[in-house]
Amino acid sequence: MLKSKTFVKKTRAGGVLKIVREHYLRDDIWCGSEVCKECKDEAPVLQEDACIESNLCSYPHYLIPDTNVLLHQIDILEHTLIRNVIILQTVLQEVRHRSAPVYKRIKDAIHEKEKHFYTFTNEHHRETFIEREPGESANDRNDRAIRVAAKWYADHLTKNTNGGSLKVVLLTDDRANKEKAEQYGLTVYRCEEYIKSLIGNPELVDRLALKPDDQNEIIGSKLLFPEHLPLSRIQSGIKNGGLLQGTFHANRDNYLEGTVFINREGEDINEVLLQGLQNLNRAVHQDVVAVELFPKERWVAPSSVVLQDDSPNDEDAEEDETENKLKGVPPDSSVLKPTGRVVGVIKRNWRPYCGMLSQSMIKEATRHLFTPADRRIPRIRIETRQAANLAGQRIMVAIDGWPKNSRYPNGHFVKNLGTAGDKETETEVLLLEHDVPHLPFSPAVLSFLPKMPWSITEEDMKVRADLRHLCVCSVDPPGCTDIDDALHCRELENGNLEVGVHIADVSHFIRPGNALDQEAASRGTTVYLCGKRIDMVPELLSSNLCSLRSNVERLAFSCIWEMNHNAEIIKTRFTKSVINSKASLTYAEAQMKIDDTTMNDDITKSLRGLNRLAKILKGRRTEKGALTLSSPEVRFHIDSETHDPIDLQTKELKETNSMVEEFMLLANISVAQKIYDEFSECALLRKHPSPPPSNYDILIKAAKSKDLDIHTDSAKALADSLNNATVRNFPYFNTLLRILATRCMMQAVYFCSGMDSDFHHYGLASPIYTHFTSPIRRYADIIVHRLLAVAINADSTYPELMDKHKQSSLCNNLNYRHKMAQYAQRASVAFHTQLFFKNKGIINEEGFILFVRKNAIIILIPKFGMEGTVFFENKDKPSPRLKFDSEGPTLEVEEHTFHMFDKVKVTISVDASNIQHQRIRMALIEPVIPGVSVPVPESEPVAKKAKLDC
Amino acid sequence: MAAVQVSEAEKVYIMHGVRDDLRLDGRGCEDYRHMEIETDVVSNTDGSAKISLGHTDVLVGVKAEIGKPRAMVPDEGYLEFFVDCSANATPEFEGRGGEELGVELSNTLYKVFNNRHSVDLRSLCICPGENCWVLYVDVLLLQCDGNLFDAISIAIKAALFNTRIPKVHISEDEEGVKEIELSDDPYDCMRLNVENVPCIVTLCKVGHRHVVDATLQEKACSVASLLISVTHRGTVTCVRKMGGGSLDPESIFEMTEAGKRVGKALHAPLMELLQKEESLGKKRQKVGFLG
């Protein structure tokens with residue numbers, strides 16, 4: 001049966017369009033219940049014995065939630081207890097329209113077999129489709145559609161069970177809808193009512209989202225925040241330029257400050273500073289907000305004060321004090337930034353947050369404050385009866401709303417992650433916080449893996465170059481199981497050298513578009529944490545079939561150059577191949593082979609050849625202005641039993657590291673050129689934009705303090721001046737400068753060649769670059785492999801590969817995942833550093849001042865490659881006399897002036913007093929400033945409470 | 001224009017018949033052929049009607065769009081006409097064959113309908129001088145069997161009656177920037193008052209008498225015809241002489257009187273029919289093009 005749906009729409013140009021869609025109704029949509037004999041469903045989803053024990057419904061029943069219940073109580077629905085739920089299409093469509101994350105979650109729940117969630121396409125069912133009536137709003141129609149579908153189910157089940165006890169229960173929080181449903185003869189409950197009636201699962205109540213009418217009783221009537229503007233006003237405001245739209249970023253160090261990045265092109269202001277709770281007006285990190293600019297005379301400078309919101313109770317009033325503190329900072333006229341206030345929130349980007357509960361002072365209270373692990377997220381007020389159990393646990397909380405009369409947003413408990421400080425828990429937290437997909441691969445994904453035992457077939461051999469005879473070897477860090485590159489070098493008869501880079505042929509195993517491919521594309525990268533690796537592709541591929549291990553035949557994608565002895569490329573060849581690696585070496589082993597003059601086997605000769613060429617290549621690259629930057633990297637020696645870090649050392653680079661790197665760069669550049677020549681519109685490349693000159697300010701200032709000049713006009717100039725910047729008796733100075741220079745750089749990003757015109761890679765001083773050499777751990781490389789394979793006629797293409805818009809959105813995801821992976825990695829190192837110091841007790845160490853802030857100095861400890869902050873302000877006692885000069889920048893504390901790069905001595909300990917955020921605490925020992933520095937502590941084993949409060 | 005060849009003998013036969021008030025198909029001189037009207041036949045228009053008069057088939061669709069009012073009349077909307085002579089109707093229309101006729105028809109329709117006495121153009125105004133509704137009236141000739149003007153005019157009246165224009169509200173912000181907002185309810189729409197919309201009556205001079213609703217054969221016997229648009233009150237809003245022959249003042253007067261009489265009588269049953277069709281609402285069985 002055919003119906004047409006008609007609606008009127010306003011077009012962008014202001015016109016009005018009538019749109020007609022055909023809508024087909026069917027009579028073969030099954031109810032999905034096991035009980036039903038009438039519907040010819042082959043695999044019914046809903047169980048016959050659908051029992052959730054409840055005081056209200058003592059009979060087996062199916063639940064039908066309405067849209068608002070689904071949107072707000074998704075955390076409840078996701079609980080394993082809730083099963084046999086009918087999700088109506090009307091509800092699903094509305095949810096999809098209103099919240100993409102919730103839609104994704106409910107889709108996942110529907111796919112989970114144990115949950116027995118069934119989607120009923122009521123909009124296409126002949127008996128449940130309804131048309132909108134005159135005078136009925138869209139919402140009313142949908143509510144009616146839900147009631148009609150529920151009624152249909154009730155009647156249908158009664159008929160098919162011959163009046164049996166199976167029923168449907170409609171869940172709605174809308175009073176009018178509930179009344180109408182009751183009149184209509186349906187069993188209907190409010191969600192809260194129903195959840196509270198469940199026997200044996202009282203903790204589920206904690207997951208209930210707070211609803212607006214509950215919130216009034218929680219807080220007094222005092223209005224703390226200005227009202228948000230309605231969306232229509234915001235839209236017109238943005239249109240006429242009165243308001244600006246942007247993404248809100250809370251300041252990590254100061255909870256009263258944030259920045260809105262304006263993402264509209266052609267706007268001369270691209271950052272708006274916000275200060276004070278009132279002006280932040282309930283914006284949460286990552287929200288899309290509308291801001292109003294203040295007139296110029298109210299513009300302020302970003303404060304360099306570090307402020308943390310750690311007031312113990314959730315009184316709404318006592319904030320004024322801290323706010324005054326912020327205002328007390330005298331404005332610095334030179335660096336005023338556009339300042340404004342948030343007038344409305346266009347889109348909330350809330351997600352569930354990890355963190356810990358700060359228990360209320362009153363023992364029996366059910367309302368508690370939750371402190372998120374991410375300092376940019378405000379504390380959240382939640383209601384729970386199990387606070388005592390949750391103390392000391394890492395938990396997950398979702399925000400439900402932020403009424404204007406509440407100091408904190410309201411939220412509800414989602415789940416318990418485990419004991420804080422536990423390695424597993426903390427790893428879970430940092431993976432969740434950085435949005436790293438880390439669940440085990442689904443059966444659908446695994447089904448696309450090759451069947452074991454796997455071997456290279458005749459057909460494979462036919463289309464591939466047989467390079468098994470070559471003396472190929474791989475060089476990697478110790479313990480590496482996902483070897484994606486191997487090298488060889490040999491002398492040709494004509495006297496030239498043949499150099500080959502062989503990369504694991506992952507694209508042979510991961511075919512475009514299947515579940516395995518989609519999962520890898522979504523993960524984007526393998527994430528390496530301390531002692532844990534979150535794979536991008538299942539282990540069978542990453543550690544076995546793709547990994548170029550020694551003495552097994554493996555498929556590879558080879559890039560083979562013919563070079564002369566001056567490392568000039570004469571010929572480049574790309575081919576799919578079969579190799580048999582002769583050795584998997586570590587960097588140290590390879591170095592030993594090269595250095596040991598007594599060794600003269602094929603592998604060693606090959607390595608020496610490679611090493612010699614690499615040096616020439618590196619020299620040439622440096623000549624062109626490639627930067628050698630530095631960031632301290634640490635390695636943990638991990639106890640094999642407890643997996644606790646027992647020692648910590650900065651990574652040291654050997655010649656062989658740079659040898660492998662050099663050839664990888666060469667391969668990447670060759671491939672980039674090839675795929676760009678072949679596909680100028682859709683080559684996936686990587687660029688590193690040159691930073692804006694202002695980024696270098698801090699570097700130049702810092703060098704000036706030692707009477708050195710840094711030229712930043714070009715990468716070459718920068719590289720040269722960095723090379724020349726040395727101070728006598730201060731060998732670490734150059735490294736410090738390089739660390740600073742690294743911080744000035746922009747992020748390198750993937751992009752699609754058809755969407756951008758600037759290809760330059762600043763750091764490598766290469767006009768074109770891509771990633772080709774690590775397809776096991778990076779998805780970008782897989783795409784590049786596919787492009788290259790098409791370019792050399794080794795594989796077939798597919799539409800998405802040639803679609804620059806699709807590629808561009810893929811690049812966005814990859815860039816995001818890479819950034820998050822980096823953050824997660826850093827967070828993991830930080831956590832392990834803490835563990836290490838916890839075991840060590842107090843350590844006295846030398847360090848250098850890396851940055852000078854208004855009330856603190858940031859210190860780098862070269863030995864551990866870690867940074868820490870020493871604060872000079874403190875709530876409990878009078879702060880020392882501070883004088884900050886942003887020109888230097890220098891900070892005068894009492895009689896002593898701190899400059900950048902000053903050498904200081906600090907004690908390092910773990911602050912375990914605050915279980916919320918365990919952190920590394922540093923306190924000054926040298927120079928000695930009375931009332932500020934601490935006496936040199938004896939190396940006591942027990943962590944001593946340091947005097948300065950961070 | 002679609003024409004048929006008529007022999008001298010046939011001509012005489014037809015003219016004699018007309019003289020005696022008896023036409024080939026048994027009608028009197030002022031009788032219309034059998035007429036069928038259906039409205040709301042094209043779902044993606046705002047109003048539509050299909051009419052068949054004898055074998056003449058015409059489909060009319062009305063689309064409302066927001067446009068700028070004409071400078072001379074800032075507080076009125078307007079109508080635009082386009083007549084598509086599809087080659088379906090007659091092979092002569094193939095290619096650009098129907099273009100001339102199309103233009104002629106649409107010019108005439110424009111004269112007849114686009115004035116404030118026929119349609120309440122003021123009701124089409126959204127915001128004086130800024131926005132108004134423009135009604136695009138598209139006429140599609142499906143089959144030609146004479147008397148196109150009358151059939152088209154009746155179809156237009158029916159389509160305008162059927163037209164539902166979405167209601168819009170003008171919102172104004174502090175700076176005086178006006179924004180058009182659309183009602184969320186698809187049933188919330190404006191209807192046109194078609195009371196004064198005229199119908200065209202074409203009178204063909206055949207011999208010494210004149211006939212209405214001439215067939216193609218009768219048309220071939222006529223040298224001149226008079227097109228009169230008449231409202232339901234009998235007011236003549238437009239008169240136009242067509243064809244190469246001449247008409248003497250006396251017969252023009254006679255034809256006008258006859259036109260008024262016939263036109264007036266045409267409106268009442270038409271409106272009655274349209275209202276009756278509408279009152280059926282959703283229960284109405286649609287006939288469409290297959291009926």
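This is a predicted model: local features need pLDDT of at least 70, side-chain atom pairs count only at pLDDT 80 or more; totals for chains, interfaces and linings use all residues.
I start with the helices. Two packed helices are described by the angle between their axes and the distance between the axes. In chain A, helix H19 covers residues 602-624 and helix H20 covers residues 655-678. They pack at an angle of about 70°, and their axes are 9 Å apart. That angle makes H19(A) roughly perpendicular to H20(A). As for handedness, the crossing of H19(A) and H20(A) is left-handed.

If you want to find this contact on the screen, H19(A) contributes residues including A:Leu607, A:Leu610, A:Leu613 and A:Arg621. From H20(A), look for A:Met659, A:Phe663, A:Leu665 and A:Leu666, among others. Sorted by class, the contact of H19(A) with H20(A) has nine nonpolar, six charged and two polar residues.

Next, the two chains. Here 19 residues of chain A are in contact with 19 residues of chain B. Between them, chain A and chain B bury about 1,600 Å², and 50% of that is on carbon and sulfur atoms.

How many salt bridges are there across the interface of chain A and chain B? The rule finds zero there. Over all chains, a search of the whole structure finds 50 salt bridges.

Here is one salt bridge from chain A. The side chains of A:Arg126 and A:Asp27 meet at 3.4 Å, N to O. A:Arg126 lies in the loop between strand E5 (117-120) and helix H5 (138-160), and A:Asp27 lies in the loop between strand E2 (16-24) and strand E3 (61-65), so the pair ties together parts that are 99 residues apart in sequence.

How values were computed. Residues are numbered from 1 along each chain as its sequence is written. Chains are lettered from A and ligands numbered from 1 in the order in which they are written. Side-chain values use heavy atoms; hydrogens and water are left out. Axes are lines fitted to C-alpha atoms, for helices over the stretch in contact, and angles run from 0 to 180 degrees between N-to-C directions. Helices (H or I, at least four residues) and strands (E, at least two) are DSSP runs, numbered from the N terminus. Angles under 35 degrees count as roughly parallel, over 145 as roughly antiparallel, 65 to 115 as roughly perpendicular and the rest as oblique. A crossing is left-handed if the near helix is turned anticlockwise from the far one by less than a right angle, and right-handed if clockwise. Contact means heavy atoms within 4.5 Å. Ala, Val, Leu, Ile, Met, Phe, Trp, Tyr, Cys and Pro count as nonpolar, Asp, Glu, Lys and Arg as charged, and the others, Gly among them, as polar. Buried area is the accessible area (1.4 Å probe) that two parts lose on being put together, summed over both. A salt bridge is a side-chain nitrogen of Lys or Arg within 4 Å of a carboxyl oxygen of Asp or Glu.
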